[in-house]
Amino acid sequence: MPDFIDSLTLAEPSGPSLLAAERARSNISINELANHLLGHDGFLQRQSKVLPIILSEPLFKKSTQANISRPERFKLALARGKLLRRLADKHGWTHAEHEMAEYLVDDVSPYMLHMGMFVTTIREQGSDEQRAQWLPKIEKWEIIGAYAQTELGHGSNVRGLECQARWDATTREFVLHSPTLTASKWWNGTLGRTANFAVVVAQLMLPDPKAKGQNEKETKYVSYGPHPFLVQVRDLKTHQPLEGIVIGDIGPKYGYPSMDNAYMLFDSFRIPHSALLSRYSSVDPETGLYSKPAQPTVVYGTLTYMRSKIIQHARLVLARAVTIAVRYTAIRRQFADRDSPPDDKSTELPVLDYPTVQIRILPLLATTFALHYTGLAMQNIYNNTRKEIESGDFGSLAYMHSMSSGLKSLCTTLAADGIETCRRALGGHGYGGGSGLVQLNTDYLSKVTVEGDNWMITQQTAAYLIKKVAIALNPAAKGSGSDEIDLQFRTYLPRVQAEDNTVCEYDILRNDWDLVRAFQHRATALAYDAYQDRVVRKKGWTSLMVNLHKLSRAQSQCVLVTQFYLALTSNTDLSKPATDVLWDLYRLFALFTLEADRYEFFACNAASKPDLDAIPERINDLMSRIRPHAVRLVDAWQIPDYLLDSALGRSDGRVYEDLFNRAHRLNPLNKITVNPNYWDDEIVKGEGGGGEDMKSILAKL
Amino acid sequence: MSNPPPAWVQALKPASPQGTQLLTQERAQSNIDVDTLGNLLHTKEALQKQDEILNVLKGEKVFDKSRNHVLGRTEKIQLALARGKRLQQLKKVHNWTDEEVYVANELVAEPTPYGLHASMFLVTLREQGTPEQHKLFFERARNYEIIGCYAQTELGHGSNVRGLETTATWDPSDQTFVIHSPSLTASKWWIGSLGRTANHAVVMAQLYIGGKNYGPHPFVVQIRDMETHQPLENVYVGDIGPKFGYNTMDNGFLLFNKLKIPHVNMLARFAQVDKKTNKYLRPASPSLMYGTMTWVRSNIVLQAGGVLARGVTIAVRYCAVRRQFQDRDAKAGTEENQVLNYKMVQIRLLPLLAAMYALHFTGRGMMRLYQENQERMKAASQADQEKRGAGPEQLRAGSDLLADLHATSCGLKALASTTAGEGLEVCRRACGGHGYSNYSGIGPWYSDYLPTLTWEGDNYMLTQQVARYLLKSARAVLAGKGTANDTSRILQAYLARRDKGASFDILGDDADIVAAFAWRTAHLTFETLKYRDVEKRSWNSLLVNFWRLSTALSQYLVVKNFYEAVTSPELTSTLDKDTAHILRALFRLYALHTLEREASEFFSSAAVTVRQIGLTQTSEVMKLLDEIRPHAVRLVDAWKIPDWQLDSALGRSDGDVYPDLFKRASTQNPVNELVFDPYPWNENVLKNLGGGAFKAKL
């Protein structure tokens, strides 16, 4: 290794001095803001408890994982998942602490579905007896479970599933069967190689009581819709699939290399009566008769739970991307200012001073906070609703489900697109493995189609809103609804409908509450238009889909703006400097969002043309006020360097040393020397003079 | 490979209707003449050539794509080098031209480690070398006797070439240049083909003579031994590590410790150091070089159409096969609806279908203008060329076709590559969950394409050049000096009608749509000029306006080129009436959908009324979606992208989606050879390995 490398220095000014200067420009207390964001539910305490343990284990080093093949990457992830569980036992971690460790290691763990959907489904949909039988085994990891719902030909439409569970009255068993290839379970995480149990969602088929045949073959079956069954799928000793079941991993994906998403098929596979998770619906083993749940939508409870988790996760994901982007663009300098004096053309500007960079990153910085406050609100709603459901009150379920759909769609789209926007704002280095945004990007992109495709599920929110408009417009039904949506519609529908709705009442540039009102007004106006189109003019549902999507987005944006506003007005723990900047972030988020859809606001008089024309100036002004605080604001998210795994986003600013170290010392490709001449079949010098290595490459294809 | 699935699995069929049936129905409901349209797009000869080359490649084991997504980086790049070698060997065997090798590479559809040798290294030697240097370097490079790369960007320096730190200091005592990296950030970085493959590099370095800096210049530097392939002394070189995509390319770093190279290694066509006087000389004007850059960018625009076409082909075919949910308004028991019938799928895919045609015709139009201009420049007097300075700004704005082409190619490159890159991701998401699988054929293609958004000029940075040119042209027009190029024309037309208003009939007259885009561009130009010249706002504070201005101009150019193509006699005389009519509908969809998304700029500039925008949004665009929908599959078929190139289970031309997905997962997936031990208390990861803890190569 030539010795001149080690003596090289960096061109001045260095990254550390630039970040120190950035931090000196702002008087926000990082700790105070961090506690405000992540202190209340113990997040920061968990992080500082678990992180040192993770750092001390060599298995969790991330330095070469981007180079290895998929099978190797997957084995690594399983080894890590095992070690994490052993560490959890050793250190007596709570469930939340174990989750924290998974979050820091940042693999999509092969055990993820076992710890998430599997156990949650048993807990929420298992009878008391089933809970008592299975939950202890699950918690001890004596059985490892997955959740098998989607199929090769069927995604978001649960009713379209083909996998069948037929009741055999003679043996009192269910017969699981995949009648076609498209009935194959598909995409189910943890199932491909890891799990030995699964919750299988299948069409419950019961004999038609009106047309009972003499034997099973003549019996006519009726489907009672999709239901969850707890099924053992692999042998507990040999780990081979049981007879009559075929399972495997579905192959390489855009991201998620460490997860074994599965396919699974059943060939008339028999399972006992007790396999049907029967908290809400059940089959009488004597008569084969079905008793249905009090509320049909209750089976969507788990899905709603997953969505609320996804929404809460979105803020931290986006915060990671924004942390990297803000720190690196504060360090990276390019081109001198064109208007600088001729004798000072040599000083290049930090790119974060460019409005073309600010307009991409600072609104996303504001978005992290918007997502945070809405995530907290969703969590509260979910917890309250769960309590009500447990006590038999299903009143809020529809509200929660419909809001969770629209918010899941909007929040994950904001985060996924935000990561990519940040990555591109980093210039060329954003494309490199040292950016820390490659795995984050490819892993997170699954979120825009998982647990309900982001475009499809907005129909649920829109349908709910249209129903609510009908209720609000019907005087006889007045007082019948009392959720947030009912209140909003009662306030704004009269204004939207009024003949003289031609003057805008909201001062969006100067009044923070008026911003909320403008968003509520516009969402209500879109809901009213959709109601007119669908209910009054009877237009086809399919033809309205684009508008319905816009409606769901408008209502979800309205929730984000409202929750941001409410959180700031009720905040008591922040001192003035931080509060002032948060208000600016609120304004930036709201105005930036509004500007992108300015035509919609203008068309319903939620904003006036002079105000709309003035927004770009106002946004510039807000960005220049936020700019000095940018580094401290991202510091407040307290994302450890280990989790960032980014040369560009390091908290100490040693960007270029780290990039070089990764290329120079941590890159296995530099250990091979190639033969570049095309007429030689030899690929690696010294390994294949006679073309042996070409032969071995071909043999693997 | 994995054991074949049991008989009962092999006997399973997808639920009816089959994908093949659905695509057959799709093709039956449209009378678009796929072959004639295909020939119009690519020419009959090119399509025949593509078939011939495809047959050669399919017969070669090394191009088998089934393991592309499962290899580790080190294995992957070795396979890519093996493929690169085989392509060159086949070139010899079949006597392929460079153009034909390019087609072969497109079909293989991944970068090879020879990529930058074959493009930038050869181009730079050819364009910037003297006849003597052509003999010394270019001839050998063309025969792959030396393998090179183009080393410009550095660890700390990207788009701003003037900021490069690497130095080349002229030493008169022994008549050599000393190449040196003064700091770590001076390390060359991102250089394709450099990391493991090249033994030479064209190095851009700051030229110093007698202590004075003459700016960045190109030098040919040998970096590795021709026998051992080890780096030469005082050269430190390697690969920069795994990336978002492009992992079959060895992007490299490179540092020099006072390495001496001979005088002849400075590429001397446009600048040289006189050996006797030690003086800096400029024997020719580099303005022709801007022609090369313009050509490269026009090519990116043309290719962007084809890049996007791959994603759209896959998404349109799969969305015609995939069915989900019954129509809410249909009778109970009706089959699930094809997702391509959903408006929310159409609104994402069909404008992209229109965009791929728009970009293709725009790229074609640019190339034609470029060639016309090259002819004219050759005819023009050389004396006129000599007087000009180096930069494109020095070309006379408003009067010079090259200046116009150069500026517009910057903006179009930014718009076209962003449209294609982001469009691919839209296509991937439109495929729902299966789009996330690498068997979709979109994800890796997208991540390999993404660097195009930053190379040949970062898309945001480029827009400044466009704005600078527009402001210059506007000043010239205001001073009465504008001349006969298109940019001057639209600015003059705007000034002439500014006080009378526009009132374009965008819903009734297609030519008016083009005029509305021109109007909006001119309006934004004069508005920005007012900020800069009258209100004296700083350059930096206007960057967002510049970006908008560049986008507006580029969208105008795409709309104009597309309109000219669909109304051209070449097209209308070749295609039957129905096909020509649908292409016209695609033009309207592209233009009106763009107009609707940028609605506020159109009504602020009074190019159209709010009422017209409302009608466009709620009625006209929806009508166009309905009109184009039945032809969608045939419109992608006409691009003639072979299945082998697509390498997509979802986008197969026969629609047999689900059996293909299942086959790839169950029989081409090495993960299924692993049997796990799932229990955390057992340290071993695999059942069949017996004892022994997992040892990762960390």
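What share of the contacts in chain A with a separation of 6 or more is accounted for by residues 24 or more positions apart? In this predicted model, such pairs account for 74% of those contacts in chain A. In chain B, 74% of the contacts between residues at least 6 apart in sequence likewise join residues at least 24 apart.

The overall dimensions of the two chains were computed from their C-alpha atoms. Chain A contains 22 helices and 13 strands. Its radius of gyration is 28 Å, close to the 27 Å that the globule rule gives for 701 residues, so chain A is as compact as a globular protein of that length. Along the principal axes, the C-alpha trace of chain A spans about 100 × 85 × 55 Å. Of the 701 residues in chain A, 53% are buried. Chain B has 24 helices and 11 strands. For its 698 residues, a compact globule would have a radius of gyration near 26 Å, and the 28 Å of chain B agrees with this. The C-alpha atoms of chain B fill a box of roughly 90 × 85 × 55 Å, taken along the principal axes. Buried residues amount to 53% of the 698 residues in chain B.

Contacts between the chains involve 121 residues of chain A and 125 residues of chain B. On the chain A side, the largest share comes from helix α4 (residues 70-91), which supplies 11 residues. By residue class, the side of chain A that touches chain B consists of 58 nonpolar, 39 polar and 24 charged residues.

Two annotated regions were examined. In chain A, an unreviewed UniProt entry places the feature "domain: Acyl-coenzyme A oxidase N-terminal" at residues 30-144. This span of chain A is 70% helix and 0% strand, and its end C-alpha atoms lie 41 Å apart. In chain B, the annotation "domain: Acyl-CoA oxidase C-terminal", also from an unreviewed UniProt entry, covers residues 511-685. The span 511-685 of chain B is 70% helix and 0% strand, with its end C-alpha atoms 67 Å apart.

In chain A, three strands form an open sheet in the order β4-β8-β7, with antiparallel pairing. The edge strands are β4 (185-188) and β7 (245-249) of chain A, each of which pairs on one side only. From one strand to the next, the twist averages 20°. Strand β4(A) is joined to strand β8 (residues 262-266) of chain A by three bridges in the antiparallel sense. At this pairing, A:Asn188 stands opposite A:Ala262 in β8(A).

In chain B, strand β5 (residues 200-209) pairs with several other strands, among them β1(B), β2(B) and β6(B). Strand β5(B) is mostly covered, as eight of its 10 residues are buried. Strand β1 (residues 150-151) of chain B runs parallel to β5(B), and two bridges join these strands. There, B:Tyr150 is placed opposite B:Val202 of β5(B). Strand β2 (residues 167-171) of chain B also pairs with β5(B) in the parallel sense, over three bridges. The residue B:Ala168 has B:Leu207 in β5(B) as its bridge partner.

The pairing of β5(B) with strand β6 (residues 212-222) of chain B is antiparallel and extends over nine bridges. Within this pairing, B:Val202 has B:Val220 in β6(B) as its bridge partner. Strands β5(B) and β6(B) form a hairpin with two residues between them. In the turn of this hairpin, B:Gly210 has a positive phi of about 55°.

Note on methods:
Residues numbered from 1 in each chain as written. Chains lettered and ligands numbered in written order. Predicted model: local features only at pLDDT ≥ 70, side-chain atom pairs only at ≥ 80, totals over all residues. Contact = placed C-beta atoms within 7 Å. Helix = DSSP H or I, 4+ residues; strand = E, 2+ residues; numbered from the N terminus. Nonpolar A, V, L, I, M, F, W, Y, C, P; charged D, E, K, R; others polar. UniProt positions renumbered as here; feature names shortened; annotations may be inferred. Rg over C-alpha atoms; globule rule 2.2 N^0.38 Å. Buried ≥ 20, exposed ≤ 12 C-beta atoms within 10 Å, placed from the backbone. Pairing = 2+ DSSP bridges. Axes fitted to C-alpha atoms, helices over the stretch in contact; angles between N-to-C directions.
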